[in-house]
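Biologist: I would like to learn how to read helix packing and pockets. Please take me through one example.

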Amino acid sequence: MVDLPLSGKVAVITGAGRGIGKAIALRFAKEGADVALCARSQNELSEVSSIISRFGSACFTLPIDMANPAQVKSFCDQISHEFGTTDIIVNNAGAYLERGAFEDSDPDLWWKTLEINVRGPYLITRHLIARMNKGGKIINLSSGKGYSAGVNSSAYHVSKAALNMMTESLANELWSRDIDVNTLVPGPTATATFDNAPQGQERSPEEILAQDRSALPKGLPAWERVKHPDEVAEFALYLATRPVGGPTGQIYSLARRPL
């Protein structure tokens, strides 16, 4: 019997009900990891869990709101009860709630974006870090918007910039424990957030990728390619399987840049 690369590992993945988080959860479980998953929708989590059951991996799920600290703590407490220790944390859950100009923005949506995109990953990591094993990996899903100010959507830009700095700070603090912390920037990926479709009209990655490029969201650079979530999951697996003492405090981007 071939030993799978993540056999015996416990991976915690947030925002795992759909999109990139779902793809990472399925890929990690297929490679032998037991997984703990959270998302807002119980129906989506149940669907993911039913697929994972075919791989023979253990799967714990809990629907939570990442903006609710009590629910985040409850999720982490139950992970510790179910699995004891943690080997991999993938901070994937994120929100793109306020897309307007700063002057006209909704203060509640602006701040909730930071609560989900910054405080959420902070709390998940803070609650689980004491029980992380040597050789652990923390992967923070970020965005190119965290490296440039852009126009509008300031809450998202600010939140991802903060998450990027959290990666670097944690990497400095945890290197002596042989825990690697890295940032993964997927670039444009065929997800509901990228598609920005009305609720109830979300399309699958395959449907998004099948459309003519002219129908894609405006502002996509001519040199950029929209990726399937499975491609991001493949790279997350690469980061999760680096040997002890591997790269840490680094930014890995699947986005393309012009020459």
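**Helix packing and a pocket**

Modeller: Start with helix 1 (residues 19-30) and helix 2 (residues 42-52): they pack at an angle of about 20 degrees, with axes 10 Å apart. This is a predicted model, where local features need pLDDT of at least 70, side-chain atom pairs count only at pLDDT 80 or more, and totals for chains, interfaces and linings use all residues. Residues are numbered from 1 along each chain as its sequence is written, and side-chain values use heavy atoms, with hydrogens and water left out.

Biologist: What counts as a helix, and what is an axis?

Modeller: Helices (H or I, at least four residues) and strands (E, at least two) are DSSP runs, numbered from the N terminus. Axes are lines fitted to C-alpha atoms, for helices over the stretch in contact, and angles run from 0 to 180 degrees between N-to-C directions.

Biologist: How are helix 1 and helix 2 oriented to each other?

Modeller: Angles under 35 degrees count as roughly parallel, over 145 as roughly antiparallel, 65 to 115 as roughly perpendicular and the rest as oblique. Helix 1 and helix 2 are therefore roughly parallel.

Biologist: Is the crossing of helix 1 and helix 2 left-handed or right-handed?

Modeller: A crossing is right-handed if the near helix is turned clockwise from the far one by less than a right angle, and left-handed if anticlockwise. This crossing of helix 1 and helix 2 is right-handed. Contact means heavy atoms within 4.5 Å. Here Lys22, Ala25, Leu26 and Ala29 of helix 1 touch Glu47, Val48, Ile51 and Ile52 of helix 2.

Biologist: Which classes make up the contact of helix 1 with helix 2?

Modeller: Ala, Val, Leu, Ile, Met, Phe, Trp, Tyr, Cys and Pro count as nonpolar, Asp, Glu, Lys and Arg as charged, and the others, Gly among them, as polar. The contact of helix 1 with helix 2 has six nonpolar, no polar and two charged residues.

Biologist: At what angle do helix 4 and helix 5 pack?

Modeller: Helix 4 (residues 107-128) and helix 5 (residues 154-174) pack at about 15 degrees, axes 8 Å apart. That makes helix 4 roughly parallel to helix 5. Their crossing is right-handed. The contact includes Trp110 and Tyr122 of helix 4 and Met166 and Leu170 of helix 5. It divides into twelve nonpolar, five polar and one charged.

Biologist: How do helix 3 and helix 4 cross?

Modeller: The axes of helix 3 (residues 69-83) and helix 4 come within 9 Å and cross at roughly 30 degrees. The crossing of helix 3 and helix 4 is right-handed.

Biologist: Which element gives the largest share of the lining of the second largest pocket?

Modeller: Helix 1, with four residues.
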